[in-house]
Amino acid sequence: MTRRSAATGWTLEDGTVHPTGYWAAELTEPHRILTEAGWENVFATPGSAAPTLDEASLGIMGGTKAKREKTRVYLDSLAGELSGPLSLKEVDLDVYDLVLYPGGHGPMEDLAYDPVSGAMLRDRLTSDRPLALVCHAPAAVLAATDEQGRNAFRGLRMTGFSKLEERLNPFSWKAKWLLEDRLKEAGIRDSESLIPLKAHIVKDGTLYIGQNPASAAKLAKILVKDLGRG
């Protein structure tokens, strides 16, 4: 089960909206690796909205020209599935062996505040079944709170797109908030790599986190190994 943001922009401190969505390779790499290992993938978004691709992820920040073209072709092969995702409200967690959230700045806009997604993340965590998030997707755990307003993930080791990495994006200097800060404020133990943009995976029990786009493929390979597929 792959859960995706449906946001099309990230609202900044000055009121401008930076076009965004999901980061291409954070979806295509796990999808490809899991599919090749025999997994069936299903997409879900808030309200069944077709997710928006962050076109910057197929620009120079998406790697070499050959890599970007390969990613584009793979995305085109998923067009039918991506156009009609399930609604998060329809998802039965018991059906899925793995729940994976790809990133992009989209989750900073919607999933960070989505009560349906937050409740599902909380329930998935307490079920002690595999949950994986990549890059900015850990923003979604900010909505996973209990009746006292405490974060369900407090005390766990996590990573995510770091402040140092974020500052490489000029528009992020106008952000209302940054992921690393909010995770720490929620009581989550920070465990990011000191080397920006390098693949880095953090595992805490059945929770798996990839820090940045470069971590997506490595994360998927670890999941395949740990979960006994492939």
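Modeller: The axes of helix α1 and helix α8 (residues 216-227) come within 8 Å and cross at roughly 30 degrees, where axes are lines fitted to C-alpha atoms, for helices over the stretch in contact, and angles run from 0 to 180 degrees between N-to-C directions. Helices (H or I, at least four residues) are DSSP runs numbered from the N terminus. The angle makes α1 roughly parallel to α8, a label for angles under 35 degrees, with over 145 counting as roughly antiparallel, 65 to 115 as roughly perpendicular and the rest as oblique. The crossing of α1 with α8 is right-handed, the term for a near helix turned clockwise from the far one by less than a right angle, anticlockwise being left-handed. On the α1 side the contact (heavy atoms within 4.5 Å) is made by Ala25, Glu26, Glu29, Pro30, Ile33 and Leu34, and on the α8 side by Ala216, Ala217, Ala220, Lys221 and Val224. By class, this contact has eight nonpolar, no polar and three charged residues; Ala, Val, Leu, Ile, Met, Phe, Trp, Tyr, Cys and Pro count as nonpolar, Asp, Glu, Lys and Arg as charged, and the others, Gly among them, as polar.

This is a predicted model, in which local features need pLDDT of at least 70 and side-chain atom pairs count only at pLDDT 80 or more, while totals for chains, interfaces and linings use all residues. Residues are numbered from 1 along each chain as its sequence is written, and side-chain values use heavy atoms, with hydrogens and water left out.

As for the pocket, the largest has a volume of about 490 Å³, and of its 30 lining residues the closest to its centre are Trp23, Met61, Gly62, Leu197 and Pro213. A pocket is an open set of points on a 1 Å grid over the protein atoms alone, where a 1.4 Å probe fits, with protein on both sides within 12 Å along at least five of seven lines, and lining residues have an atom within 4 Å of a point. α1 gives the most to this lining, with four residues.

Note on methods:
Helix = DSSP H or I, 4+ residues; strand = E, 2+ residues; numbered from the N terminus. Points joined across faces, edges and corners; volume = space filled by probe spheres on them.
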